[in-house]
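I opened a new notebook page for this chain and went through it one topic at a time. Here is what I looked up, in the order I looked it up.

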Amino acid sequence: TVLVATDGASALQRAAQAEPDIVLLDAVMPGIDGFEVARRLKRGPDTAHIPIVFMTAYTETEHVVAAYEAGGVDYVTKPIQPREVLARIAAHTRSARAQRQARHALDAFGHATMVVRASDGRLVWQTALARSLLRDYYGCEGSAAPVPLVDWVRREAAARLAGMTPQALTSARGGRRLQLDLHRMREPDAPEPAAEAVPGGDGDEPPDEWLIVASERNDAALLDAMVQAFRLTAREAEVLYWVAKGKTNRDIGDILGAAPRTVTKHMEHILQKLGVETRTAAAAMVLARVRGFEGGRV
């Protein structure tokens, strides 16, 4: 079934109402041009998952790059070859349908998962629970992933390419802790993606889209026990918690959204209250006196 829109505003309206399997988009249209239509579709949580194929007479590199940056998955130049266009539609539709089915299954079972595109920091798709967690921890709305998450994805992607051990991203809000783990997006038994799959790729770049699995833990009771046992403030208890987990001041600052210098000040107060001189001694005291605390790196 084909729905036709002759201008950008109508295209946005029809896409929102019908949620089509795929969008064939011209770059030049009355009113809102195709690039802006694509950006708006990708910003909407209900339309962000729809693959967009640009079909235009523009052949210059700048227009091709603009199409991909706006969220397009493919670019077909006029005059078109109908069989080629149909083959591209079939391929992108199959891929989008598989992703949609997986997303619906994850939503049904309450999983917090998302896919992030490293090149432009866009949330390709996310489950309802993932959307809620990103809003709670990062104040994130729409299709743009939060900056700390994008930086982490790019850093981890490069690290994995170099054969380094992956590291999770952790954020904390009070007694709640969110951990994000990165996984490569790849079809089972599929060959490695070619360099041309990523605009500007040179063959040494990591894949552009990554699956992120989020898990949340509530340590409010544990932090409260630390406050009572050592007469700490709530923030000091959080800092000591992560010290006992083996984190550095810089790591703790990233997790708590605080400057390393602020964490250092908290540590000075903590050592005074515990009557010890080193971080190691403070961590050992937590492990010995706080029931239910599990040490070690996370």
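**Pockets and cavity**

I began with the second largest pocket, whose volume is about 680 Å³. For the terms: on a 1 Å grid over the protein atoms alone, a pocket is an open set of points with protein on both sides within 12 Å along at least five of seven lines, a cavity is a set where a 1.4 Å probe fits but cannot get out, and lining residues have an atom within 4 Å of a point. Grid points are joined across faces, edges and corners, and the volume is the space filled by probe spheres set on the points.

This is a predicted model, in which local features need pLDDT of at least 70 and side-chain atom pairs count only at pLDDT 80 or more, while totals for chains, interfaces and linings use all residues. Residues are numbered from 1 along each chain as its sequence is written, and side-chain values use heavy atoms, with hydrogens and water left out.

Which residues lie nearest the centre of the second largest pocket? I found Val2, Leu3, Ile22, Val23 and Leu24 there, out of 21 lining residues. Helix H1 (8-18), strand S1 and helix H4 (82-108) each supply at least two residues of that lining. Helices (H or I, at least four residues) and strands (E, at least two) are DSSP runs, numbered from the N terminus.

Next I searched the whole structure for cavities of 30 Å³ or more and got 1. The largest cavity has a volume of about 60 Å³. Its lining includes Ala172, Gly174, Gly175, Asp219 and Trp242. Strand S7 (176-184) and helix H8 (234-244) are the elements that give two or more residues to this lining; H8 gives the most, with 3 residues.

**Whole chain**

I noted 11 helices and 8 strands. Of the 298 residues, 41% count as buried, where buried means under 20% relative accessible area, exposed over 50% and partly exposed in between (1.4 Å probe, protein chains only). I also looked at contacts (heavy atoms within 4.5 Å). Among those between residues at least 6 apart in sequence, 57% join residues at least 24 apart.

**The parallel sheet**

I traced an open sheet of 3 strands in the order S1-S2-S3, with parallel pairing; two strands pair if DSSP finds at least two bridges between them. S1 (23-25) and S3 (74-77) stand at the edges with a single partner strand each, so one side of each has no neighbour in the sheet. The twist averages 25° from one strand to the next. Angles here run from 0 to 180 degrees between N-to-C directions, with axes fitted to C-alpha atoms, for helices over the stretch in contact.

S1 and S2 (residues 52-56) pair over 3 bridges, and Leu25 has Phe54 of S2 as its bridge partner. Helix H2 (residues 34-43) packs on the sheet, touching S1 and S2, at about 175° to S2. Helix H3 (residues 61-69) lies across S2 and S3 and runs at about 145° to S3.

**Strand S4**

Is S4 enclosed or open to the outside? I found 6 of the 6 residues of S4 (residues 112-117) buried, so this strand is largely enclosed by the rest of the structure. Ala112, Met114 and Val116 cover one side, with Thr113, Val115 and Arg117 on the other, and they are all buried.

S4 runs antiparallel to S8 (residues 209-218), joined by 6 bridges, and Val115 stands opposite Leu211. S4 also pairs with S5 (residues 122-126) in the antiparallel sense, over 4 bridges. These two form a hairpin with 4 residues between them, and Gly121 in the turn has a positive phi of about 70°.

Ser171 sits in strand S6 (residues 169-173) and is buried, at 5% relative accessible area. Its side chain makes a polar contact of 2.6 Å with that of Tyr138; the term covers N or O atoms within 3.5 Å, within protein one able to donate a hydrogen and the other to accept it, and residues adjacent in sequence count only if both atoms are side-chain atoms.

Last, I checked the backbone. The peptide bond from Lys78 to Pro79 is cis, with omega near 0°, and Pro79 is in the loop between S3 and H4. Arg231 has a positive phi of about 55° although it is not a glycine, and at 73% relative accessibility Arg231 counts as exposed.
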